[in-house]
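Hi there,

Here is the structure I promised to pass on to you. Have a look at it first, and my notes follow below.

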Amino acid sequence: MTKPVELSYFSDLLCVWAYVSQIRLDELRQNMRSQVRVSYHFVTLFGATEQRIGEGWKDRGGFDAFSDHVLEVCAGFPHVEINPQVWKSCIPKTSAIGHLYLKAAQNLEAAGELSPEPVIEFAGHTIVEELAWRLRCAFFRDAIDIGRLTNLYPIGQALGIPQAAMAEQFDSGAAFAALEVDAGLKELHKLEGSPTYLLNNGRQKLYGNVGYRIIEANIAELLERPEDQASWC
């Protein structure tokens with residue numbers, strides 16, 4: 001039996017392209033669950049939104065213009081819901097807090113404190129995968145500021161994630177260390193943005209609004225020609 005293809009998925013919680021692309025990742029896991037193993041990494045592109053959007057979009061209208069851009073993007077993807085207050089009345093200072101919360105949950109999963117198994121009630125997501133999705137929905141659909149830690153704990157609690165254990169991940173620095181590892185991988189592989197799919201030990205990189213069939217074809221090729229097979233070159 002061919003071993004599963006390793007896919008590293010890099011995204012920022014506040015990236016609208018990662019939000020609209022989630023459906024492709026879900027379809028991939030549904031269609032090729034036993035053939036692909038996905039690891040999730042978080043790149044903090046919106047680490048300082050005042051700088052990235054407030055200053056970066058200053059000549060184009062600032063946060064209001066960026067909000068209009070995000071609304072326009074989502075209008076082309078009817079499978080997602082978007083709140084008109086995103087980047088207007090709801091302006092997170094950073095995506096880093098959400099990423100730290102997710103790294104803490106991943107650490108608990110690795111330690112056996114959270115189940116890594118798919119949950120039927122979560123459409124086949126694991127607890128950590130469902131947490132990531134709910135954090136994205138909290139911002140884009142519900143206009144909740146996920147840059148505030150106090151807004152994240154109720155979302156985790158609803159999934160049965162032990163909040164004392166999560167707090168210890170912050171207090172000990174373990175969540176920060178895990179996020180730093182992701183930052184190092186971003187630099188190592190020279191990743192341009194979010195979302196990015198990394199395959200074949202970094203030799204295949206799919207970045208941005210990539211269609212499902214393209215992702216599937218890249219994985220199918222690796223399944224047919226394993227990465228350790230000799231190259232013609």
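Two rings of Phe, Tyr or Trp (for Trp, the six-membered ring) are taken as a pair if their centres lie within 6.5 Å. With that in hand, you can find a cluster in which ring pairs link Y19, F46, W57, F63, F66, W87, W133, F139 and F140. Please keep in mind that this is a predicted model.

Aromatic pairs

The structure holds 14 aromatic pairs.

Y9 belongs to strand β1 (residues 5–11) and Y197 to strand β3 (residues 196–199), so the pair ties together parts that are 188 residues apart in sequence. Both partners are out of the solvent's way in the sense of the cut-off for buried, which is under 20% relative accessible area: Y9 is buried at 1%, and Y197 is buried at 0%.

The other is Y101 with Y153. Here the ring centres lie 5.6 Å apart and the planes are at 90°, so the pair is edge-to-face. Y101 sits in helix α4 (residues 96–110) and Y153 in helix α6 (residues 149–158), so this pair ties together parts that are 52 residues apart in sequence. Y101 is buried, with a relative accessible area of 0%.

Helices α1 and α9

Now for a helix pair. Helix α1 (residues 16–31) packs with helix α9 (residues 212–224) at an angle of about 40°, and their axes are 10 Å apart. That angle makes α1 oblique to α9, because roughly parallel would require an angle under 35 degrees. The crossing of the two helices, α1 and α9, is right-handed.

Which residues make the contact? On α1 they are R24, E27, L28 and N31, and on α9 they are Y212, I215 and I219. By type, the residues of this contact of α1 with α9 divide into 4 nonpolar, 1 polar and 2 charged.

G211 has 30% relative accessibility and so counts as partly exposed.

Best wishes

Technical notes:
Residues numbered from 1 in each chain as written. Predicted model: local features only at pLDDT ≥ 70, side-chain atom pairs only at ≥ 80, totals over all residues. Heavy atoms only, no water. Axes fitted to C-alpha atoms, helices over the stretch in contact; angles between N-to-C directions. Helix = DSSP H or I, 4+ residues; strand = E, 2+ residues; numbered from the N terminus. Parallel < 35°, antiparallel > 145°, perpendicular 65-115°, else oblique. Left-handed = near helix turned anticlockwise from the far one by under 90°. Contact = heavy atoms within 4.5 Å. Nonpolar A, V, L, I, M, F, W, Y, C, P; charged D, E, K, R; others polar. Phe/Tyr/Trp six-rings, centres within 6.5 Å; stacked < 30°, edge-to-face > 60°. Buried < 20%, exposed > 50% of the residue type's maximum accessible area, 1.4 Å probe, protein only.
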